[in-house]
Amino acid sequence: MVDPQKKARDADRDAAIEVVEAAYADGQITQPDYDLRVDRLLRAHTVGEVQGLVHDLRRDPDEEVTDVVEAVTGDSVAARPTRPLPTARPAARPGRALLLVAALVGGILLAVLVPIWLASRGGDGVSAGPVGLGDRTSLLTPSGYAFFVEELEGKTGSREAFSLVLYPGYAVVDVPVDETSQREFSWYFDGDWSEFGGAGTSTDDRFSVDQVDGTVIAEGIDQAKAGVEDATTWYAIVSAPDRGSARTCVTAYASNDFQETSYVRLTCDGSVVE
C-alpha cells in the first residue's frame, strides 16, 4: 500500500469521485454531501486525503471495483471506461482537468434537486429561506452572512470551520471539535441547527468564517449570476485560502434551467482569481 502522505494522482481523484457518484446514486449520501466531497477531492493533495473522503462509503458487492479500490489506496490503475451516473440521478461525471467541469456538474444537480428539496421544506431557496430564517432573504447577502457568523459563534463558541457551503436558505458547515486536531462535526443551519453527517475527520485547513466579508460573497454571487442567462440557482463555497498562488477562499456558482453554469473564484479580499 502506498504511503498516505504521498502525492495523489489525477487517476486517484477520478476513481474516488466514481465511488462518491455511486454512493450518491444509491442513496448513501445527500446532494450537499456529494458536492462537498467532490469539491474536496478535486483539491486533494495526498493519497491520505483521497482515502479519507471515501473510506466511509459502501461499494456495491456486485460491481467490478478492482480499479477503483486500487486507485483509492494509491496502487497502480488500469485504463477503464467512464461509468455514468444512473439516469435517476441527472448528473454527469465531474472531470479533473478544469474546475469548470465540476461547476457544471454541481450546477446541474443543484438546478434539478435543490429547488425540489427546499420546496418540500417550505422555501424556494431563492427569494426566501425556510421559516427559521424569518425575514432574512438569503444567507448570501451581507446581512444574512453576518447573521450566520453570529449564530455559528453562538452555537459552537467559535467562528472556526473546515468548510462552509452557503445556499440562499441554508448552510452546511463542518466545524472543529477542538483547538488542534482535524476532528470535525457537520451541522446544517436554516435558522435552526440540526446534525448533518455527524462526526468525522477533516482533510481541509481550518479557517475563521469572518476571514471574508459578506459583501465579497454577495459580489461573487452577482458575478456568477451575470455569467449565465436567467439564473435560477446559486450557492457559494467558503474555505481556507488554497495553498497555491491564487489564494482562492470563495467560489460562487450560478446555473439556470437549461443546465448552463457560471462560476467565479475570489480571494478573501474580493479580488477575482483568473
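## The hairpin and strand 8

Five residues sit between strand 8 and strand 9 in their hairpin, and Gln259 there takes a positive phi near 65°. Keep in mind that this is a predicted model.

## How enclosed is strand 8?

Six of the six residues of strand 8 (residues 250–255) are buried, so the strand is largely enclosed by the rest of the structure. In a regular strand, side chains alternate between the two faces of the sheet. In strand 8, Val250, Ala252 and Ala254 point one way, while Thr251, Tyr253 and Ser255 point the other way, and all are buried.

## Aromatic contacts

Searching the whole structure turns up 13 aromatic pairs. One of them is Tyr24 with Tyr34, a tilted pair at 5.0 Å centre to centre and 45° between the planes. That pair links distant parts of the chain, with Tyr24 in helix 1 (residues 10–25) and Tyr34 in helix 2 (residues 31–43), ten residues apart. Both tyrosines, Tyr24 and Tyr34, are buried.

Trp187 and Trp193 go edge-to-face instead, 6.4 Å centre to centre with 85° between the planes, and both are buried. These two tryptophans belong to one aromatic cluster together with Tyr145, Phe147, Phe148, Phe185 and Phe189.

## A lysine over a ring

Lys225 places its charged end over the ring of Trp234, 3.9 Å from the ring centre.

Methods: Residues are numbered from 1 along each chain as its sequence is written. This is a predicted model: local features need pLDDT of at least 70, side-chain atom pairs count only at pLDDT 80 or more; totals for chains, interfaces and linings use all residues. Side-chain values use heavy atoms; hydrogens and water are left out. Rings of Phe, Tyr and Trp (its six-membered ring) pair if their centres lie within 6.5 Å; planes under 30 degrees apart count as stacked, over 60 as edge-to-face and the rest as tilted. Helices (H or I, at least four residues) and strands (E, at least two) are DSSP runs, numbered from the N terminus. Buried means under 20% relative accessible area, exposed over 50%, partly exposed in between (1.4 Å probe, protein chains only). A charge sits over a ring if NZ of Lys or CZ of Arg is within 6 Å of the ring centre and within 35 degrees of the ring normal. Two strands pair if DSSP finds at least two bridges between them.
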